[in-house]
Amino acid sequence: MSVLSQLAEALGSGSVRVVDLTAPLSSSTPVLQLPGQFGQTATFALEEISAYDDRGPAWYWNNFRTGEHTGTHFDAPNHWVTGKDRDDVASVPAARLVAPAAVVDVSDRVAEDPDFLLEVEDVQAWEAAHGPLPAGGWLFVRTGWDARSSSQEDYLNADDAGPHTPGLSVACARWVAQESQVIGLGVETVGTDAGAAAGFDPMFPCHTMMHGAGKYGLTQLQNLAELPPTGAVVVAGPLRIVSGSGSPARVLALVEG
Ligand code: MN
């Protein structure tokens with residue numbers, strides 16, 4: 001039997017499950033808030049065209065407005081100045097949108113410290129237990145932050161000092177971007193960088209170094225707790241927006257067992 005026939009049979013029997021890693025997208029979906037001097041992204045909004053009424057008696061449909069970086073979304077390399085001559089979201093090769101994922105679970109440590117930063121040593125300890133990060137695949141960092149995603153306030157977790165959300169240290173961002181073989185970083189927080197990363201050197205190191213290396217981001221993921229450390233295959237589907245820097249995406253994982 002062919003591999004795809006086996007996959008179809010496994011999907012039918014339930015021995016391969018489809019886990020939805022996508023947050024519901026609505027006007028209450030949390031959005032990033034930058035310091036006030038910068039431009040801000042839009043929340044998601046539906047604008048009704050007709051609803052089985054005089055404007056369209058047999059049909060219901062909407063226009064929508066959204067930021068490219070609203071809700072569960074894909075960051076393309078041209079999102080950052082370091083990747084400005086690299087791919088836009090429309091140019092990301094389709095083969096990159098179906099890829100294995102390694103899941104590093106630091107939710108226990110984030111529960112004790114919302115400013116927790118993943119270090120190179122943490123990833124190397126994971127590799128010692130599970131093998132190397134997948135070449136051509138994703139590094140997903142499970143923090144448990146998805147439990148907060150129904151509330152803008154809880155999700156951004158900001159005080160007078162700024163947002164307190166977990167992420168990667170500068171050294172770890174550099175290592176993942178330049179030393180590891182992964183194509184991108186997936187997180188449960190509002191962006192790939194830690195809440196405090198505006199004050200890092202360089203600022204926003206994940207964006208700076210990942211996109212500078214032509215790599216991708218996936219943010220506001222959910223349900224990473226349902227994924228094994230290795231073996232999941234991720235399907236990430238951003239809209240093919242010409243010249244776009246990213247897009248809301250439906251992100252699914254195929255999981256065995
Ligand atoms: Mn983004």
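Biologist: What am I looking at, and how are residues numbered?

Modeller: This is a predicted model, where local features need pLDDT of at least 70, side-chain atom pairs count only at pLDDT 80 or more, and totals for chains, interfaces and linings use all residues. Residues are numbered from 1 along each chain as its sequence is written, and side-chain values use heavy atoms, with hydrogens and water left out.

Biologist: How many helices and strands are in the chain?

Modeller: The chain has six helices and 14 strands. Those are DSSP runs numbered from the N terminus: helices are H or I with at least four residues, strands are E with at least two.

Biologist: And what is its radius of gyration?

Modeller: The radius of gyration is 19 Å, close to the 18 Å that the globule rule gives for 257 residues, so the chain is as compact as a globular protein of that length. That radius is taken over C-alpha atoms, and the rule is 2.2 Å times the number of residues to the power 0.38.

Biologist: What share of the residues is buried?

Modeller: Buried residues are 46% of the 257 in the chain. Buried means under 20% relative accessible area, exposed over 50%, and partly exposed in between, with a 1.4 Å probe and protein chains only.

Biologist: Switching to the metal: which residues coordinate the manganese ion?

Modeller: His69 (ND1), His73 (NE2) and Asp75 (OD) do, at 2.1 to 2.3 Å. Donors here are N, O and S atoms within 2.8 Å of the metal (3.2 Å for Na, K and Ca), and water is not among the atoms, so sites may look incomplete. The donor spacing in sequence is H-x3-H-x1-D.

Biologist: Are His69 and Asp75 buried or exposed?

Modeller: His69 is buried at 15% relative accessible area, and Asp75 is buried at 1%.

Biologist: OK, salt bridges. How many does the structure hold?

Modeller: There are seven, each being a side-chain nitrogen of Lys or Arg within 4 Å of a carboxyl oxygen of Asp or Glu. Take Asp105 and Arg142, whose closest N and O atoms are 2.8 Å apart. Asp105 sits in strand β5 (residues 98-105) and Arg142 in strand β7 (residues 138-142), so the pair ties together parts that are 37 residues apart in sequence. Asp105 is partly exposed at 43%, and Arg142 is also partly exposed, at 21%. Elsewhere, salt bridges with shared partners join Glu48, Asp53 and Arg55 into one network.

Biologist: How far apart are the closest N and O atoms of Asp53 and Arg55?

Modeller: They are 2.8 Å apart. Asp53 is partly exposed at 24% relative accessibility, as is Arg55 at 45%. Lys84 and Asp85 form another salt bridge, at 3.8 Å from N to O, and both of these residues are exposed.

Biologist: Which strands does β13 pair with?

Modeller: β13 runs antiparallel to β5, with four bridges between them, and pairs antiparallel with strand β14 (residues 246-256) over six bridges. Pairing takes at least two DSSP bridges between two strands. Val234 is the bridge partner of Ala99 and also stands opposite Ala253 in β14.
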